[in-house]
Amino acid sequence: MRLTALFACAAVLFATGAQAKTVAVSAERLVDVASGKVTDKPLVIITDGRITAVGRQGDATPAGAETIALPGVTLLPGLIDMHTHITSSPLYGGYNYLEKSDAYWAVLSTRNAKDTLAAGFTTIRNVGSDFYDDVGLREAIDDGVVVGPRIITATYAIGATGGHCDSTFFPPSMAQQGPAVIDSPDEGRRMVRKLKKYGAQVIKICATGGVFSHGDEPGAQQLTLEEIKAIVDEAHMADLKVAAHAHGAPGIKAAILAGVDTIEHASLVDDEGIKLAVQKGTYFGMDIYNTDYTQAEGKKNGVLEDNLRKDRDIGEIQRLNYGKALKAGVKMIYSTDAGVYPHGDNAKQFAVMVRYGATPLQAIQSATVTAAQALGKAGDVGQVKVGAYGDLVGVTGDPLKDVTILEHPTFVMKGGEVIKAP
């Protein structure tokens, strides 16, 4: 009985925080990404992975806290990429990926995750993966087996027969079909339930054709309004957000009208679609960096000429439409399509956003506070505030003047654990 009492006492002490780890991080500056205000000589206290205080150097530090001093460093919240393919690699274009076994991509994803986190992206949304590999990766990261960012997983992307999210590179004799193909509203509802069952935390649909698929064009709508609406209704009933791959104007408008939460790519959006997005509060995630990489390296990596042609056709149009949508007041999230270009280069899009109309603060907000709102996780990520995860990124210099310094973080922390330090 005495032993039982001792174990019970130990359990209570552990549960009440007797074993809590506390870290005190000081730096030169801290950017409040919501307001753009900068605090000099900040002190951030993190206990058991969550921020418990945000003050200034000289404030009381909890007894026994581990101290991390970062002189000359500007702190921001951990960055968020809302459109990644963490189990993919740009080095395998066209048919080259067939040289590898199915299990190869799950193993490769562990390196991709490590590179992404080291680049300062502590949270990502993965919008499409085969074999539920992204779910397995998320579980391994959450269990501490693999180093990587927090992942919101979509598993397979839902699409129509012959569409962008179907398997379209093979002849009929090979009878290839995407695992998440649907051709009616009821099939769409059933697929949402299946994907959620096996680990989807967000639902991804392909509302239009795409750049890196075969036999279609990016502007063509591929799911009907009724199909999209059924998917959205089912997902929202299960408290899941919906992201829509949509390049073409008709598909973008159908997705917005159906209640989709985020439009991915939005390359060929028209004025009506922009107006609808503002009215409905729909977020746009426009991947306006990756064309630089695909046009420079795609052919060498095996990407087919027809895919490179489509990429060329819409690249500059998408960038100009990004500026139009931003100016009109569309809520922008940071979506890069990582996997089309190398993982770890996620921050290269900031400079392109600024070049096409964003202020540095707007670009940073798209990868922090605005992305967190779109995820429905504003209390957990996207800001350095009490209650949020202890996710921090440190850079040398002023990112509000030069966003390119975000490409080379000197300090990364996830949940109070140091990932990268000067």
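**From salt bridges to sheets**

Tutor: Glu234 is buried, with a relative accessible area of 6%. Keep in mind that this is a predicted model.

Student: What makes Glu234 buried?

Tutor: Buried means under 20% relative accessible area. Glu234 has 6%, so Glu234 falls under that cut-off.

Student: And how do you know that Glu234 forms a salt bridge with Arg189?

Tutor: The rule asks for a side-chain nitrogen of Lys or Arg within 4 Å of a carboxyl oxygen of Asp or Glu. In Arg189 and Glu234 the closest N and O atoms are 2.9 Å apart, so the pair is called a salt bridge. Arg189 lies in helix 4 (residues 185-197) and Glu234 in helix 5 (residues 225-237), so the pair ties together parts that are 45 residues apart in sequence. Salt bridges that share partners also join Arg189, Arg193, Lys229, Asp233 and Glu234 into one network.

Student: Why is Arg189 called partly exposed?

Tutor: Its relative accessible area is 27%.

Student: What makes the pair of Arg150 and Asp391 a salt bridge?

Tutor: Here the closest N and O atoms are 2.5 Å apart, and the limit is 4 Å, so the pair qualifies. Arg150 is in strand 8 (residues 150-153) and Asp391 in the loop between helix 12 (369-375) and strand 14 (392-396), so parts that are 241 residues apart in sequence are tied together. Both Arg150 and Asp391 are buried.

Student: Which way do the side chains of strand 8 point?

Tutor: Arg150 and Ile152 point one way and Ile151 and Thr153 the other way, and all are buried. In a regular strand the side chains alternate between the two faces of the sheet.

Student: How do you know that strand 7 and strand 8 pair?

Tutor: Pairing needs at least two bridges. Strand 7 and strand 8 have four bridges, in the parallel sense, so they count as paired. Within this pairing, Ile124 stands opposite Ile151 in strand 8. Four bridges also join strand 6 to strand 7 (residues 121-126), again running parallel, and Ile80 stands opposite Thr123 in strand 7.

Student: Why are strand 6 and strand 8 called edges?

Tutor: The open sheet has three strands in the order 6-7-8, with parallel pairing. Strand 6 and strand 8 each have a single partner strand, so one side of each is left without a neighbour in the sheet. On average, neighbouring strands of this sheet are turned by 15° against each other, direction ignored. Helix 3 (residues 133-142) packs on the sheet and touches strand 7 and strand 8, and its direction makes about 150° with that of strand 8.

Student: What makes strand 9 largely enclosed?

Tutor: Five of the five residues of strand 9 are buried, so the rest of the structure largely encloses it. Val202, Lys204 and Cys206 point one way from strand 9, and Ile203 and Ile205 the other way. Strand 9 pairs with strand 10 in the parallel sense over five bridges, and the bridge partner of Val202 in strand 10 is Lys241.

Terms used
Residues are numbered from 1 along each chain as its sequence is written. This is a predicted model: local features need pLDDT of at least 70, side-chain atom pairs count only at pLDDT 80 or more; totals for chains, interfaces and linings use all residues. Side-chain values use heavy atoms; hydrogens and water are left out. Helices (H or I, at least four residues) and strands (E, at least two) are DSSP runs, numbered from the N terminus. Buried means under 20% relative accessible area, exposed over 50%, partly exposed in between (1.4 Å probe, protein chains only). Axes are lines fitted to C-alpha atoms, for helices over the stretch in contact, and angles run from 0 to 180 degrees between N-to-C directions. Contact means heavy atoms within 4.5 Å.
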